[in-house]
Every structure is written in C-alpha cells, then in structure tokens.
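Have the coordinates open while you read.

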Amino acid sequence: MKRILLVVCAAAVLAGCAETAVKPAEVAFFPPLPQSPKLQFLLSITTENDIGGAKSSGLNDWLVGKQPGKKQIARPHDVGSVKGKIYILDRTFKKVLILDLARKQLDFIKDAREGALSDPMGLWVTQDGIKYVVDSARKQVLVFDKDEKFVREYGEKDQFEKPMDVAVYKDRIYVIDFAKMALLVLDKESGKTVQTIGEPGGEEGRFNRPTHVSVDAQGNVYVNDSINFRIQKFDPQGKYLKHFGYQGDTLGGFARPKGIAVDHDGLVYAVDTAFENTQIFDPSSTDLLLFFGGYGPHAGSMYLPSSLHIDYDNVEYFNQYADKDFKLKYLVYVGNLLGDKKLNVYGFGEWIGAPLPAIERKPVLTVPPVKRGPSDKEKK
C-alpha cells in the first residue's frame, strides 16, 4: 500500500496548571498508545498564568490603561520564536505579543510612529531574533530588531497589493500577495523585487488565493495554495518541485488549509481550519503520515486553528509537561482563533519507555471521511 496512515484519536483531559507548579495531567498521544506515539499534547496557553505567571492586567486594558484583568492571547494568527520567547501575531489587538518563557510574562512589541502596525497579517522570526511583520493595510513588511525596536520597512508604492505572509532565508524575503496571487521575492538589502513566482491559475506552479509561506533549512519554499487545496513546494531558485494534498474530505485532503511549517527532516505540517486538525506529510512521497488535533472536548483538540510554528529552541521550558516515557525533540505550536484555548503546544519526539506491544497494521484500502467541526457561520 502506497499510503500508510496512522489514524489518531485523543481521549485525555489536560488538567489545569497552577501559577507556580505543574499539576499532574492525563496525557494525550498521537497516535494513541499502544501504538508508538510521535506527538504529545502538552498544554494550551491563553494567559501568562498558564505557564506559571502571576495574575496581571488584561492586554486591552494594559494598552489603554483601564482596570486590571488578565493578560491574554485573543486571536493568534501567526507564531514565531527565539530561545526563551514565543511571538504571537494577534489579530484582535493588532499587535505582536511576546510570551517570555523565562520570566513567565506576556508583553507586546511597542510599535509606534513610523513602525506602527495597522493591520498585521503575517510574521517571521529569524534565528537571530529579527521580526518581519506583514501589514496588509500599510502594504509593507515592517522589521523589528532583537530588542523589539523598529528598524526599517519594505514595500515601495504598488510593490504589494495585498501582502499576507512573509518568510526569510539568507538574503531573500518571500512575500505572499493574496491579490496578485503570486509569491514576490525581495532582495533583503535593496528591498527590490528580484523574482515573481506564480500567477493566477490551477496548474502546477500557479496559485489561487495563496495565504501562507514557509522556508525549510535548505531554502526550499512552501506556499499554501488555498483555493487549489494544496501546499506547493519550490526549490531555492523558484522552480516548482511537487505539491502536498488535494481537495477532499478524506485524510490527506484539504478544505481550508492555512498555516504551514517544515521540520529539519523535511516533514511538512499543514493546518486545516475546516477539519480543525494538522496533517503531517512525507517529504519524498507526499503521502500523509499522521494527523492530530480535531474538533471536540478532548485534550489537544483545535478550534478554528490557523497558525502553525515549529520550535527547536525552547524544549527545556516544556519538558515538565512531557510524559516521563516520552522524549521531546521539538515543539509544535498551533494557534486557535476561537475557543478558550488559544495556543496549543505539542511535543514531537519518541517513546523511551518499556517496549510497546506489536500491533498488526493491515493495509488501508479506503480512507473514511474526517468528521467536520461546525462551520464558521455555525460558530458565530
């Protein structure tokens, strides 16, 4: 059988986290035991209290000086990270939030004057802590340094029509333009467009309403081609290589693909807002390997997920949430636009406990449909 699917379900409930200590919690593995798990749901972060922070003022009140409440994430639309910090682009506050893991505090980039954000849509954080923020209203990409200070912007008159997302690799900046249905490649120093990848259409290498972009460690570029229901991969020179997914309600298909990310081994992650899950694809065969999340009350479920990010640098801060028999390799963040659990944290790793019983895996000849969660209209 060409495609091997690890069908997962989660039936555990995550207990709350105290302000200064982690309470024992039932674990949720994907796939579930007794299969050999690849991911563990660790916790959801909505306020700084969820990582042991002290009670404090609400972000909106914090911004405008009203009565104290709780600092919290509202609508996480994109995520990035450096060691010790998680950056969250919040569509409600129209700010880039800073979750300081060491201090257990929630803050935000103090954008102002020429660096003021108007309608931020996409975020990319480099390993050295430089933040690139796409602002759709300004039709620009704003840059903040490692100290959260505004340093410059990209985007001359008519260069962008409706920029949606950004990714950076070496001396190139990749900007998705939703209206132009193209990926613009900018020279980092000059800001000039040096290449345009794609044009409207459904053929290979063309786009229909692209929304997200990511780059892997080798410089390959991945674009969420949303209305063509696929993730397209291009080499560093912009040559089309392959695509992942298709239109459909079976495993491996997409209904509303959103955020994408690629790990160091090339595994391709893609969020689907309609199915409310994240799928992982094999980089060579493009086959589906695993999906996790799903709609419902179980631990690790998602509620209108959109953003996705992989983090290798902050495992030490989340080891306390991992099962003693599961060793974390890296973290996977998924942002939920609705519900009371805003940023789900999963750990990718390996089982190091007692050997698990062998399970006979018969070839999968047909794939059952994924049960959909409620539509956006039904949720409102």
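Let's start in a loop: isoleucine 109 sits between strand S6 (105-108) and S7. Keep in mind that this is a predicted model. Is isoleucine 109 buried or exposed? Its relative accessibility is 1%, and the cut-off for buried is under 20%, so isoleucine 109 counts as buried. Setting aside neighbours within four places in sequence, isoleucine 109 touches Lys95, Val96, Ile98, Lys131, Phe144 and Glu148. Tyrosine 87 is 22 residues away along the chain from isoleucine 109, and their C-alpha atoms are 9.3 Å apart.

The charged end of lysine 110 sits over the ring of phenylalanine 108, and arginine 152 does the like with the ring of tyrosine 154. Here are the two cases:

| Charged residue | Ring | Charged end to ring centre |
|---|---|---|
| lysine 110 | phenylalanine 108 | 4.5 Å |
| arginine 152 | tyrosine 154 | 3.9 Å |

Now zoom out. The protein chain has 3 helices and 25 strands, and 56% of its 380 residues count as buried. Among contacts with a separation of 6 or more, 50% come from residues 24 or more positions apart.

On to the rings. A pair of aromatic rings is described by the distance of the centres and the angle of the planes. The count for this model is 17 aromatic pairs. One of them joins phenylalanine 29 and phenylalanine 326, a tilted pair with 5.4 Å centre to centre and 55 degrees between the planes. Phenylalanine 29 belongs to strand S1 (residues 28-30) and phenylalanine 326 to strand S24 (residues 326-336), so this pair ties together parts that are 297 residues apart in sequence. Phenylalanine 29 counts as buried at 4% relative accessibility, and phenylalanine 326 counts as buried at 3%.

S24 also holds tyrosine 330, whose partner phenylalanine 348 is in strand S25 (residues 343-351), 18 residues apart. Tyrosine 330 and phenylalanine 348 are both buried.

Both of those residues are in contact with tyrosine 269, which lies in strand S20 (residues 268-272) and is buried, with a relative accessible area of 0%. Beyond its neighbours within four places in sequence, tyrosine 269 has other contacts too, including Gly259, Ile260, Thr278, Phe292, Leu308 and Val332.

How much space lies in the largest pocket? About 870 Å³. There are 37 lining residues, and the closest to the pocket centre are Trp124, Val125, Gln127, Val215 and His309. Several strands each supply at least two lining residues: S3 (76-82), S7 (120-125), S11 (163-169), S15 (210-215), S19 (257-262) and S23 (305-311). Which strand gives the most to the lining? That's S23, with 5 residues. Sorted by class, the lining has 18 nonpolar, 10 polar and 9 charged residues.

Terms used: Residues are numbered from 1 along each chain as its sequence is written. This is a predicted model: local features need pLDDT of at least 70, side-chain atom pairs count only at pLDDT 80 or more; totals for chains, interfaces and linings use all residues. Side-chain values use heavy atoms; hydrogens and water are left out. On a 1 Å grid over the protein atoms alone, a cavity is a set of points where a 1.4 Å probe fits but cannot get out, and a pocket is an open set with protein on both sides within 12 Å along at least five of seven lines; lining residues have an atom within 4 Å of a point. Grid points are joined across faces, edges and corners, and a volume is the space filled by probe spheres set on the points. Helices (H or I, at least four residues) and strands (E, at least two) are DSSP runs, numbered from the N terminus. Ala, Val, Leu, Ile, Met, Phe, Trp, Tyr, Cys and Pro count as nonpolar, Asp, Glu, Lys and Arg as charged, and the others, Gly among them, as polar. Rings of Phe, Tyr and Trp (its six-membered ring) pair if their centres lie within 6.5 Å; planes under 30 degrees apart count as stacked, over 60 as edge-to-face and the rest as tilted. Buried means under 20% relative accessible area, exposed over 50%, partly exposed in between (1.4 Å probe, protein chains only). A charge sits over a ring if NZ of Lys or CZ of Arg is within 6 Å of the ring centre and within 35 degrees of the ring normal. Contact means heavy atoms within 4.5 Å.
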